[in-house]
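Student: I would like a close look at one part of this model, namely the nonpolar core and the residues around it. Could you take me there slowly, beginning with the chain as a whole?

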2 protein chains.
Amino acid sequence: MVHTKHIEQHFTGSETVRDVVIGMSDGLTVPFALAAGLAGAVSNHWLVVIAGASEMAAGAIAMGLGGYLAARSDADSYAAEEAREKREIVELPDRERDEVRDIFAGYGLTGAELEGAVDAVTAQPEPWLRFMMKEELGLEEPHPSRAVRSGTTIGVAYIAGGFVPLLPYFFPISINRALLLSAVLSIIALGLFGAAKGRFTGVSPLRSALQTMVLGGLAAGVAYAISRVISSAAGL
Amino acid sequence: MVHTKHIEQHFTGSETVRDVVIGMSDGLTVPFALAAGLAGAVSNHWLVVIAGASEMAAGAIAMGLGGYLAARSDADSYAAEEAREKREIVELPDRERDEVRDIFAGYGLTGAELEGAVDAVTAQPEPWLRFMMKEELGLEEPHPSRAVRSGTTIGVAYIAGGFVPLLPYFFPISINRALLLSAVLSIIALGLFGAAKGRFTGVSPLRSALQTMVLGGLAAGVAYAISRVISSAAGL
């Protein structure tokens, strides 16, 4: 993306911040809820640690490697679409010119201005191509090293988030006390994270904090309830 | 998004397909890996079911409700940016005209064509506003009911995916046999899902199938290894 000074005023978060938000959002929520669910069924705190650690590894790999593959597939798609438009500009120049004309006509250009604008944009292949990519397909060129960085950031943020709710289960305290501590720690962390996230997504910090706390609390509550139902039914 | 016939040829999947891919991708992977991890530490298959069901509930809520909130925040951002551009067109028309000129100049327009195009686009506020939103900010108007539909689709796809790896643990067979069955079922499902996903992301079906199978297998393998290490260390 190309940013001018003016555009930066509109822009409220870098892509790295966005990746941290994606990873940490789920990293705080899912291990918290999973641990709460298991705490409703087992008494050995190490089982909660094992399940939590398994989940963190799986979640970080799924989200991180998944994010990497998605970013790479975006880059591949962009390259394929670009090659296709490039070919069409050479092979079907009249049709592509008509498309440029349709786009400008949609912005209100008519008569001599319209023809002049079409002539100017289609005079050189490079601006013509960029115009088609952005106006016809709505695509912007992805950053080349984005895929690896994006995947790593999401994965690390997921693990960092997951340690918070899991921490109390490492200690030799009763499972109910660990659950209580984990819930308190997680809700505080979700609130702080939500407030910080609000600054980047343009939602008010208070509303964003409430949203993430309710989401995390709901997930943990449902997981705990499901766990109690299954463990009663299974006679555990 | 506005699609012409030509644009649809480029377009390889609806937003619903994209949401199903997002939800099912993680839904197949994470419960599979979590179950594999726990199967390395416990002998009661109901504990795997409880952990898996807790994770599915938490993951579906985190991804589904998270997707809903993200889509709503996108819509809010778009509305806020639109209001801001609208205001700037009224209050700072000269600066906004200069921005239109810069954008057209970037596509190769000069002289009378350039001024003519700028005049035509800025003649009416509505095309001017759409031009600024798309060219300056790269934003397209989100669909109003998208948030609810997107969140529901992601959540349901996550749960549907999660049932596959969990199914064998419902039956009264040894935990190792359930793990083996779960791995076979999951790898087959990941391969089929990956091949189908390749059709929509433009990656070749075989390569996409291999990618999702390796990702799922890696996540499960790491989860299993972590679980064995922790359970030995804890003396379970």
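**From the chain to its core**

Tutor: Reading from the N terminus on, the elements of chain A run α-α-α-α-α-α-α-α-α, where helices (H or I, at least four residues) and strands (E, at least two) are DSSP runs numbered from the N terminus. The radius of gyration of chain A is 25 Å, well over the 18 Å that the globule rule gives for 236 residues, so chain A is more spread out than a compact globule; this radius is taken over C-alpha atoms, and the rule is 2.2 Å times the number of residues to the power 0.38. In keeping with the count of elements, chain A has nine helices and zero strands, and its C-alpha atoms fill a box of roughly 80 × 35 × 30 Å along the principal axes.

Before we go further, please keep in mind that this is a predicted model, in which local features need pLDDT of at least 70 and side-chain atom pairs count only at pLDDT 80 or more, while totals for chains, interfaces and linings use all residues. Residues are numbered from 1 along each chain as its sequence is written, chains are lettered from A and ligands numbered from 1 in the order in which they are written, and side-chain values use heavy atoms, with hydrogens and water left out.

Of the 236 residues of chain A, 48% count as buried, where buried means under 20% relative accessible area, exposed over 50%, and partly exposed in between, with a 1.4 Å probe and protein chains only. In soluble globular proteins, nonpolar side chains tend to be buried together. Here the largest nonpolar core has 78 residues, and those with the most contacts inside it are A:Tyr169 and B:Tyr169; such a core is a set of buried Ala, Val, Leu, Ile, Met, Phe, Trp, Tyr and Cys residues joined through side-chain atoms within 4.5 Å. Not counting residues up to four places away in sequence, B:Tyr169 touches several residues, among them B:Ala35, B:His45, B:Val48, B:Ile175 and B:Ser182, and contact means heavy atoms within 4.5 Å. A second, separate core of 33 residues includes A:Ala120, B:Val100, B:Ala120 and B:Phe131.

B:Ala33, found in helix H2 (residues 15–39) of chain B, counts as buried at 0% relative accessibility. Leaving aside neighbours within four places in sequence, B:Ala33 is in contact with A:Ala58, B:Ala219, B:Ala220 and B:Ala223, and its C-alpha atom is separated by 9.8 Å from that of B:Ser182, 149 residues apart along the chain.

B:Tyr68, in helix H3 (residues 45–91) of chain B, is partly exposed, with a relative accessible area of 22%. Apart from residues up to four places away in sequence, B:Tyr68 touches B:Ala147, B:Val148 and B:Gly151.

A:Val156, finally, has its place in helix H7 (residues 146–166) of chain A and is exposed, with a relative accessible area of 53%.
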